[in-house]
Amino acid sequence: MDGGGILLRVVVMGVVATAATDLWAVLLRRLGRPTLDYALLGRWIGHWRAGRWRHAAIGDAAPVRHERMLGWCAHYAIGVGMAGMLMAMLGSTWLRQPTLGAALGFGVGSVLLPFLVMQPAFGAGIAAARTPRPWQARLQSLATHAVFGAGLFAGAAIFAKFII
């Protein structure tokens, strides 16, 4: 498999996985559960230019221009980057014969990114410790990242089953 083919597969895998989390978020919102507003991700990234990485409460930080678009673009770029990390860990052989277990394991493990980086930087504490219902937030993050893992598998399976 050449580099261009691998890159295309990684991009598709990341986009499919990220879109799966977006569909999951739609379902959660319909059930009355709050989900991350990606404008806040854009706001966080927008404050990096001023050297600000941590906030007491990201919702109270000054809005930045085009924060919603920036947040959505970052959301998908992170998904593609995570797909690239999975491929780097498991190799191109996995792309030809993807397994659900490996993708789910990676997806669940990827919950460390929000627990240890984003939530503390947004002012929610490590693993949402400063939120009103930390365990509810943790379980929701874990479920979302499991959906991401299932999406990684689905994205890889698109090529493995239909395109190769």
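Predicted model: local features only at pLDDT ≥ 70, side-chain atom pairs only at ≥ 80, totals over all residues.
Q: OK, at what angle do helix 2 and helix 6 cross?
A: The axes of helix 2 (residues 38-46) and helix 6 (residues 112-122) cross at roughly 85 degrees and come within 11 Å. That makes helix 2 roughly perpendicular to helix 6. Helices here are DSSP runs (H or I, at least four residues), numbered from the N terminus. Axes are lines fitted to C-alpha atoms over the stretch in contact, with angles from 0 to 180 degrees between N-to-C directions, and 65 to 115 degrees counts as roughly perpendicular.

Q: Which residues make that contact?
A: Helix 2 contributes L40, L41 and W44, and helix 6 contributes V117, M118, A121 and F122, where contact means heavy atoms within 4.5 Å. These residues divide into seven nonpolar, no polar and no charged. Nonpolar covers Ala, Val, Leu, Ile, Met, Phe, Trp, Tyr, Cys and Pro, charged covers Asp, Glu, Lys and Arg, and the others, Gly among them, are polar.

Q: And how far apart are the axes of helix 2 and helix 3?
A: The axes of helix 2 and helix 3 are 6 Å apart, at an angle of about 95 degrees, and the two helices are therefore roughly perpendicular to each other. By class, their contact has eight nonpolar, four polar and three charged residues.

Q: Switching to rings, how are Y38 and W72 arranged?
A: Their ring centres are 4.8 Å apart and their planes stand at 65 degrees, so the pair is edge-to-face. Rings of Phe, Tyr and Trp (its six-membered ring) pair if their centres lie within 6.5 Å, and planes over 60 degrees apart count as edge-to-face. Y38 lies in helix 2 and W72 in helix 3, so the pair ties together parts that are 34 residues apart in sequence.

Q: Last topic: which helix gives the most to the lining of the largest pocket?
A: Helix 7 gives the most, with seven residues, and the lining as a whole divides into 19 nonpolar, 13 polar and three charged residues.

Conventions:
Residues numbered from 1 in each chain as written. Heavy atoms only, no water. Parallel < 35°, antiparallel > 145°, perpendicular 65-115°, else oblique. Phe/Tyr/Trp six-rings, centres within 6.5 Å; stacked < 30°, edge-to-face > 60°.
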